[in-house]
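Okay, hi everyone, thanks for coming. Have a look at the model on the screen, and I'll talk you through a few spots.

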Amino acid sequence: MLDKVSVVLVGTSHPGNIGSAARAMKVMGLTNLILVDPACEVDEKTYALAAGAADIVEQAKVVSTLDEAIADCGLVIGSSARSRTLEWPQLDPRECGIKTIAEAPSHNVAILFGRERTGLTNEELQRCHCHVYIPANPEYSSLNLAMAVQTVSYEVRMAYLEQQKHANDGLVEEYPRAAELEMFYEHLEKVAKQTQFINKKHPGMVMAKLRRLFTRARPESQELNILRGILSSVEKSLEHKDK
């Protein structure tokens with residue numbers, strides 16, 4: 001799903017920022033970097049700040065226009081450091097991450113970051129479906145490009161991990177039938193008596209309590225098979241002991 005997400009840097013003027021952004025992306029599992037009309041060349045500073053993310057830089061796609069960068073994207077989100085005269089749908093980074101992961105299965109998603117000094121132009125922002133705004137400390141809201149990429153990339157990853165956590169929620173677990181449970185209890189009681197854990201003359205309430213234990217635990221079919229396998233292994237050991 002993260003493969004459907006691209007980070008797009010528009011008009012980047014410092015080569016080191018490209019490397020730092022690539023590093024921020026890779027740490028969060030994002031690999032698609034697009035450079036739109038960069039105002040600098042990729043150089044040794046880029047690779048130095050990319051650290052272990054040189055592969056992201058080397059695979060980066062360089063295009064001359066924003067249109068080329070977002071042509072195949074069904075969702076385009078532009079980062080904005082300030083509110084604009086024209087109101088536009090706005091997200092915070094967390095909402096941005098959630099929306100990105102929600103739509104990534106259907107189409108490519110591009111998250112745009114503008115020039116270091118001036119950001120994205122109004123025209124570029126109007127090409128976006130929505131804007132993401134990082135609510136930094138108003139008394140000191142200076143975020144460099146890599147910080148902004150890191151913040152948004154983190155939220156994309158967190159949304160992805162949350163989605164993966166619930167990916168199997170809709171699956172119905174397979175549980176043993178009543179007859180299979182009864183066979184297990186019979187097997188368990190047999191082995192418990194063979195090992196003298198249960199006194200045949202005075203069985204007491206042991207099996208009733210074990211039934212309550214396994215009813216409360218409600219083992220799945222595969223788990224019940226494991227338990228049956230353990231009981232069979234104990235029986236084999238007892239047979240060898242008696243020989």
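Before I get to domains, their bounds come from an automatic or database domain assignment. Quick housekeeping: this is a predicted model, where local features need pLDDT of at least 70 and side-chain atom pairs count only at pLDDT 80 or more, while totals for chains, interfaces and linings use all residues. Residues are numbered from 1 along each chain as its sequence is written, and side-chain values use heavy atoms, with hydrogens and water left out.

So, domains: the chain is assigned domain 1 (2-167) and domain 2 (178-242). Taken over C-alpha atoms, their centres are 58 Å apart.

Now find helix α7, which covers residues 145-165 and includes Leu-161. Helices here are DSSP runs of H or I, at least four residues, numbered from the N terminus. Tyr-160 sits in helix α7 too. What does Tyr-160 touch, beyond residues up to four places away in sequence? That would be Met-1, Leu-2 and Ile-101, where contact means heavy atoms within 4.5 Å. Thr-100 is 60 residues from Tyr-160 in sequence, yet 8.9 Å away in space, C-alpha to C-alpha.

Over to Glu-124, in helix α6 (residues 122-125). Is Glu-124 buried or exposed? Glu-124 counts as buried because its relative accessible area is 12%; buried means under 20%, exposed over 50%, partly exposed in between, with a 1.4 Å probe and protein chains only. Leu-161, at 37%, is therefore partly exposed. Setting aside neighbours within four places in sequence, Glu-124 is in contact with Val-10, Leu-66 and Arg-115.

Technical notes. Helix = DSSP H or I, 4+ residues; strand = E, 2+ residues; numbered from the N terminus.
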